Structure formats: C-alpha cells, structure tokens
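Reader: I have some time to go through this one with you, and I'd like to take it piece by piece.

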Amino acid sequence: MDDLYDPNRNDPNRNEPTGNGLNGHDPNRSGPDGASRDGARGDAPTGEDPGAVPTPAVPDTVPNSTPERIPSGGPDADRIRIGLWGAPRSGKTTYLTALPLAAMQHQRYHDGGWNISGMTAEAGAFLSRGMDLLTRQRAFPEATMGVREMAWSIQGPKRKGKLGISGRRPSFVLDIQDAAGEVFGDGHPQQAQLVGQLARSHGLIYLFDPLGDAETATESFNFLQSTLTQLTAQVRNRQGLVDGRLPHYVAVCVAKFDHPDIFRPAVEAGWVTQDTVGAQLPRVPAEQGEKFFQWMCDDFRGANARLVRDALHAYFDRRRISYYATSAVGFRLTPQHVFDYRDYVQPVEVDGMSRLRTSPEPINVLEPLIDLEERIYRDRGRERGLGGRLGGKRR
C-alpha cells in the first residue's frame, strides 16, 4: 500500500517509479546493504551529481523560548471591552499601572479579592513592570506614545446571591486601549483607529483631570468633542444608537483626587468623609459622586468643565453614567499605615524625578471597573431574557 504522504512526490530530481517496488524503489537493483547494484546508494537518485554541495538547512529564526498558547478568555460574545479615555496628562497609563495593585488590595476593605493576569506575554509584562515600578521603585510610568492594545483576564470573588445562596463569580476578559491623550485630538492620524476601538467597547472609563483642564493645551473639552462626534457617527452607521444616544456605560473618574489643589478645596466644601477604621482613608461617598462632579464643573473649574458635563449628558444616557473621585497612587500614610491630614502628599521630587513616599494605596481605581462589569452583565441578562420571550435574540 502506498504512503498517504510522500515528501519527495514533487521533487523534480526524483526518478519516476520503475519496476514493481514501492515508491519507485526496485528491490532487484539494491544489495543487502542498501547499495544499488550499479554502485550507487539506494537512497540517492540515479544521475545525482556526487560532487554537488548539499543545500544547507534553513536556520530556525524562532527564539528558543516557552511556546505561547492561544489566549483562552471565552467566546468573543462573553468579552467585555472597556475603553480608556482622557486628555493628555490625565493619568491614563498610571491608572492602568495601579489597577493590579488595587485588585490585590481590594480584600483589605471588602469580602474577597480580585486578580488580574495578562492574556499575552506583552500584557503580563506590563502588569509585572507596573507593579515593580509603583511598589519597589516608587516611580510613575512614562506617558504612552500612540495606541497600545492589551487584554487582561480578571476574576473576582463569588457574589452573594438571593436568600444566602452563592451567586456568580465575575470572570471576564478586559480589552484595554491605552492611548496617548493627543490621539483624541481632532485631526490626529491615529484618532480614527482609536475611535473604532471605543466604538467596539461596551463601557468607557473617562478620566477627567481638573488640573490639566485648567491649561489650554490639555483642556478636556478639546479632546472630548471631536472624539464624541466621530464615535457617534460610527455607532450610528452600524445602527447601534439607543434612543439617539451612544449605548456605552460610562465611569467618569475625577482624577488626581490626592493632589492638594483638588483635595483641600473638596474637603473645605464638605464633599469628603473619612473612614473610622483601618487606614482611615478619606473619600467622596459613592452616593455623592455625581453631585461632586457637578460641583467640580460648576464651582471649581468653570465654563470649560461645564461643556464636558453637557457633552457627556448629550451623547450618553445619564442613567448609564457613574462618577468617582479617583487617585491612582492615593495618599501618603504614616508608618502605622494611617492617613494624616497634616502630611498626606504622596509624590516628592528626587533628583528631578517624581517619586512616591510610601507604597501606593489606589482609590477608586478598581471600583469603576467592577461597577461597569456588573451593569453590563445585568444589561446582557435583560437582553437575553427579552430575546427569549420574543423568540429570538435582541441585537
């Protein structure tokens, strides 16, 4: 029986089959040692030039390292894509760098912990470098150049179900687009790429930087309106608008909450409360998040910030927007790990570089992500239920 696959079948130098041997080999022409009766080796085609230089083997250009498996985060329909959005120097890269640290520290104040792992070697390396940078080197990451895409696998603790029954365990893939703030500007060559990524996202984390908003070069509205109009056009063209608005869930994070120029006015205006246990961290209560942002726009920042607020309300369903006072590095804590209002500023200048005085304690970095996942999950559940009642899936 012939071989199913003959690697020499298409060799132009190979002799045509002769005799009654298999694969063109005639046993009557070979001796017991495999040499042909005319003196040639049985494995060399007749007529081959004995002085020809053999063709060298093709070198293996793949590095000798551990093979990488295909990322296994579940079907694409189960993936939750979160877009990260903000003006230049609003702290997007620092936010991402602090995310795995916030996940690890979550169990200090809540039931159960969260863990984050990279779906690719590059994404995993970003997490490792970021953790080392913040905790050991106590330094800030460099600003992102261009657009960088990463996918992270995120698992949370089991939620409590009704009547004490154990509920679901959040487990999803987070697709992150970390882009330089300049990319959001009108006319940037990579803006279309970024807008396309935001259009495919289910949720958006929008970092509003009150300090940068005070500077003309980094005014938030300048990098918001252009992106919103293009984003709306793309979603509209694929018939994805809901009642004329974008379908995304949005977490608006007032960034750099730890900075004295933001924190002190917020304290004096009565927006900040302080925990009475543990590290006694200050925070803006969750139920006051929207009013805090309104105050930030109306009284603290003024006209440009009010335009940001108006644009968000015009393009998104207000019921799908949540608000947070966020700090990627948190406050400086005493050696006893307690907040001290007399000395809470975290960054200091060392040899011309900004360094952290103590290990970071991120504030409202993971919480917006948890909230987005929960709301998107509930929304999908309602759509599946409606699709079942109508006899089909709702788009």
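**Loops, helices and cores**

Reader: Where does Asn-364 lie?

Author: Asn-364 lies in the loop between β11 (353-356) and α9 (367-390), where helices (H or I, at least four residues) and strands (E, at least two) are DSSP runs numbered from the N terminus. This is a predicted model, in which local features need pLDDT of at least 70 and side-chain atom pairs count only at pLDDT 80 or more, while totals for chains, interfaces and linings use all residues. Residues are numbered from 1 along each chain as its sequence is written, and side-chain values use heavy atoms, with hydrogens and water left out.

Reader: What is phi of Asn-364?

Author: Phi of Asn-364 is near 50°, a positive value, although the residue is not a glycine. Most residues other than glycine have a negative phi.

Reader: Buried or exposed, then, Asn-364?

Author: Asn-364 counts as buried, at 15% relative accessibility; buried means under 20% relative accessible area, exposed over 50%, and partly exposed in between (1.4 Å probe, protein chains only).

Reader: And His-337, what is its phi?

Author: His-337, which is not a glycine either, has a positive phi of about 65°. His-337 sits in the loop between β9 and β10 (347-350), and with a relative accessible area of 35% this residue is partly exposed.

Reader: Stepping back, how many helices and strands are in the chain?

Author: The chain has 9 helices and 11 strands, and 44% of its 395 residues count as buried. Taking contacts (heavy atoms within 4.5 Å) between residues at least 6 apart in sequence, 72% join residues at least 24 apart.

Reader: At what angle do the axes of α6 and α7 cross?

Author: The axes of α6 (residues 260-268) and α7 (residues 289-301) cross at roughly 105° and come within 12 Å. Those axes are lines fitted to C-alpha atoms, for helices over the stretch in contact, with angles running from 0 to 180 degrees between N-to-C directions. The two helices are therefore roughly perpendicular to each other; 65 to 115 degrees counts as roughly perpendicular, under 35 as roughly parallel, over 145 as roughly antiparallel and the rest as oblique.

Reader: Which residues meet there, between α6 and α7?

Author: From α6 come Asp-261, Ile-262, Pro-265 and Ala-266, and they meet Phe-292, Trp-295, Met-296 and Phe-300 of α7. The residues of this contact divide into 7 nonpolar, no polar and 1 charged, where Ala, Val, Leu, Ile, Met, Phe, Trp, Tyr, Cys and Pro count as nonpolar, Asp, Glu, Lys and Arg as charged, and the others, Gly among them, as polar.

Reader: Which residues does Trp-271 touch?

Author: Not counting residues up to four places away in sequence, Trp-271 touches Ala-266, Arg-283, Val-284, Pro-285, Gln-288, Lys-291, Phe-292 and Trp-295. Trp-271 lies in the loop between α6 and β7 (273-274) and counts as buried at 17% relative accessibility. Its C-alpha is 5.9 Å from that of Val-284, 13 residues apart in sequence.

Reader: Now the largest nonpolar core: which residues touch the most other members?

Author: Tyr-206, Phe-292 and Phe-316 do, out of 45 residues; a nonpolar core is a set of buried Ala, Val, Leu, Ile, Met, Phe, Trp, Tyr and Cys residues joined through side-chain atoms within 4.5 Å. Elements that give two or more residues to this core include α3 (191-199), β5 (203-208), α6, α7 and β9 (321-325). Apart from it lies another core, of 31 residues, among them Ile-80, Tyr-324, Ile-370 and Leu-372.

Reader: What is Tyr-206 in contact with?

Author: Leaving aside neighbours within four places in sequence, the contacts of Tyr-206 include Trp-85, Leu-224, Val-250, Val-252, Val-308 and Leu-312.

Reader: Last one: where is the place of Leu-133?

Author: Leu-133 is in helix α2, and so is Asp-132, in a helix that spans residues 121-135. Leu-133 is buried, with a relative accessible area of 17%, whereas Asp-132 counts as partly exposed at 26%. Leu-133 touches Arg-138, Ala-139, Phe-140 and Pro-141, again leaving out residues up to four places away in sequence.
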